[in-house]
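Welcome! Please take a look at the sequence and the structure below, and then let us walk through a few of the details together.

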Amino acid sequence: MKHTGLLCLVLILLSATLTGQQNDPFRGISDEKVLPMLKHLPYRHGGMNVPAEDGRLLYDIILENGYQRGLEIGTSNGYSALWLGLAFKETGGRLITLEIEPQRAREAQENFEHAELDDIIESRINDALKEIPVLEGKFDFVFIDAWKPDYDKYLELILPKMKPGGVITAHNVTSQGSSVRDFLEEIQNNPKLTTTINRSSRAGVSISYVK
Ligand SMILES: C[S@@+](CC[C@H](N)C(=O)[O-])C[C@H]1O[C@@H](n2cnc3c(N)ncnc32)[C@H](O)[C@@H]1O
């Protein structure tokens with residue numbers, strides 16, 4: 001009886017450890033430069049950055065699909081771009097990230113250099129509404145995380161520049177649902193898109209694959 005109790009306890013502890021490992025957003029990431037930044041950078045920036053779980057979600061989407069050309073709208077200090085850049089480093093792809101505030105873009109650039117991802121990530125300082133129309137070529141991955149009421153405008157500009165099979169993702173679609181209502185309606189009703197909403201973080205991430 002005593003042994004059975006002990007065995008149960010060991011099994012419970014083992015199961016809790018395995019579940020913890022599966023949920024660890026940093027599992028399997030060994031890059032010595034980027035890993036400490038992924039673990040510690042957001043805490044210096046009062047809530048603007050995606051949580052690590054959402055960074056990992058986007059990282060996995062890029063790797064699973066072998067995406068090669070990414071666009072991020074809303075860089076801030078570059079935390080989410082570090083997740084995306086690390087994924088593109090593994091697929092052999094590249095990322096352009098857009099930020100309207102020069103000081104934030106400069107800080108992001110310093111972070112990309114420190115992470116040794118500055119050859120993968122190109123930082124551009126401009127209003128996304130002006131920069132997207134002049135971007136050349138097609139994209140297979142987009143992450144929208146800038147001014148929420150303009151999500152529908154970013155979408156309209158980026159749709160003609162998407163490759164079939166590509167994906168448009170967007171942050172805060174649950175936590176700021178009322179600000180992105182038009183965007184949500186469009187991604188759920190546009191016949192060219194197949195959309196799911198990932199609610200594993202409080203923010204909510206929309207994932208719209210392009211047919
Ligand atoms: C939530 S933060 C981005 C956080 C970042 N994606 C991360 O997780 O690390 C939103 C950023 O979008 C920028 N932004 C807002 N409107 C923009 C626009 N029209 N074009 C480019 N950047 C914009 C803001 O200055 C801000 O730094």
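How many residues surround the ligand, and which are the closest? There are 21 of them around the ligand, and the closest are Asn49, Ser80, Glu99, Ala128 and Asp145. Please keep in mind as you read that this is a predicted model.

## The ligand and its pocket

Let us begin with the site itself. The largest pocket is the space that the ligand takes up. Sorted by class, the shell around the ligand consists of 9 nonpolar, 6 polar and 6 charged residues. Two elements, helix H4 (79-91) and strand E2 (94-99), each contribute at least two residues to this shell.

## Polar atoms around the ligand

## Two residues with positive phi

Now to the backbone. Most residues other than glycine have a negative phi. Ser76 is not a glycine, yet its phi is positive, at about 50°. You will find Ser76 in the loop between strand E1 (69-73) and H4. Is Ser76 buried or exposed? Its relative accessibility is 9%, so Ser76 counts as buried, the cut-off being under 20%.

Glu116 also has a positive phi, of about 60°, although Glu116 is not a glycine. Its place is the loop that runs between helix H5 (102-114) and strand E3 (121-125). With a relative accessible area of 48%, Glu116 is partly exposed.

## A buried threonine and its partner

Finally, let us return to strand E2, where Thr97 is located. Thr97 has 0% relative accessibility and therefore counts as buried. Which side chain does Thr97 meet in a polar contact? The partner is Glu72, and the contact between the two side chains is 2.6 Å.

Methods. Residues numbered from 1 in each chain as written. Predicted model: local features only at pLDDT ≥ 70, side-chain atom pairs only at ≥ 80, totals over all residues. Heavy atoms only, no water. Near = heavy atom within 4 Å. 1 Å grid on protein atoms, 1.4 Å probe; cavity = no way out; pocket = protein on both sides within 12 Å on 5 of 7 lines; lining within 4 Å. Sits in = over half its atoms within 2 Å of the grid points. Helix = DSSP H or I, 4+ residues; strand = E, 2+ residues; numbered from the N terminus. Nonpolar A, V, L, I, M, F, W, Y, C, P; charged D, E, K, R; others polar. Buried < 20%, exposed > 50% of the residue type's maximum accessible area, 1.4 Å probe, protein only. Polar contact = N/O pair within 3.5 Å; in protein donor to acceptor, adjacent residues only side chain to side chain.
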